[in-house]
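Hi,

Here is the structure I promised to pass on. My notes follow below it.

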Amino acid sequence: MARNYRTGSLGRDRALTHDEPRTRRVVRRAPGFTNDRVSSVMTSRFQPDDSIDLHGYSPDAAMEQLRRRVETSRRKGSSLEVVHGHGRYILRDRVREYGLHSPLVKQVWNGEDLFLPGGGGVTVFFF
């Protein structure tokens with residue numbers, strides 16, 4: 001019997017063991033995004049071209065800062081990491097809604113879906 005790497009217990013339970021194959025996560029990607037870009041995000045080697053931290057801003061002030069940064073970041077590179085924090089998810093929802101409806105943003109990735117540092121307190125925009 002193989003040792004369970006999650007719990008350290010012997011025996012076969014529902015968790016994955018060392019001798020069982022791991023399944024690959026399937027990520028839908030927008031046109032123009034290479035497999036290297038997707039795999040770098042999935043393996044936590046992803047480094048955004050720019051980042052903004054919106055902690056401490058009111059929702060209206062944060063959205064104004066975000067609009068300005070999206071304009072400048074779009075010229076700098078292809079990605080922007082937005083750190084909005086967890087809180088009551090008010091700012092998170094507004095940031096993600098802005099990204100989905102903005103003509104400048106081609107794709108929005110949620111931090112909790114990609115296991116990025118910060119989890120649900122991070123959103124990544126791609127231009």
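How many residues of β4 are buried? In this predicted model, numbered from 1 along each chain as its sequence is written, local features need pLDDT of at least 70, side-chain atom pairs count only at pLDDT 80 or more, and totals for chains, interfaces and linings use all residues. Side-chain values use heavy atoms, with hydrogens and water left out.

To the question: 5 of the 5 residues of β4 are buried, so the strand is largely enclosed by the rest of the structure. Buried means under 20% relative accessible area, exposed over 50% and partly exposed in between, with a 1.4 Å probe and protein chains only. Val 122, Val 124 and Phe 126 point one way from β4, while Thr 123 and Phe 125 point the other way.

Now the sheet. It is open and mixed, with 4 strands in the order β1-β2-β4-β3 (helices, H or I, have at least four residues and strands, E, at least two, as DSSP runs numbered from the N terminus; two strands pair if DSSP finds at least two bridges between them). β1 (50-53) and β3 (107-110) are at the edges with a single partner strand each, so one side of each lacks a neighbour in the sheet.

β4 (residues 122-126) runs antiparallel to β3, joined by 4 bridges; Val 108 sits opposite Phe 125, and Gln 107 opposite Phe 126. β4 also pairs with β2 in the antiparallel sense, over 5 bridges, where Glu 81 has Val 124 as its bridge partner.

Happy to talk it through!
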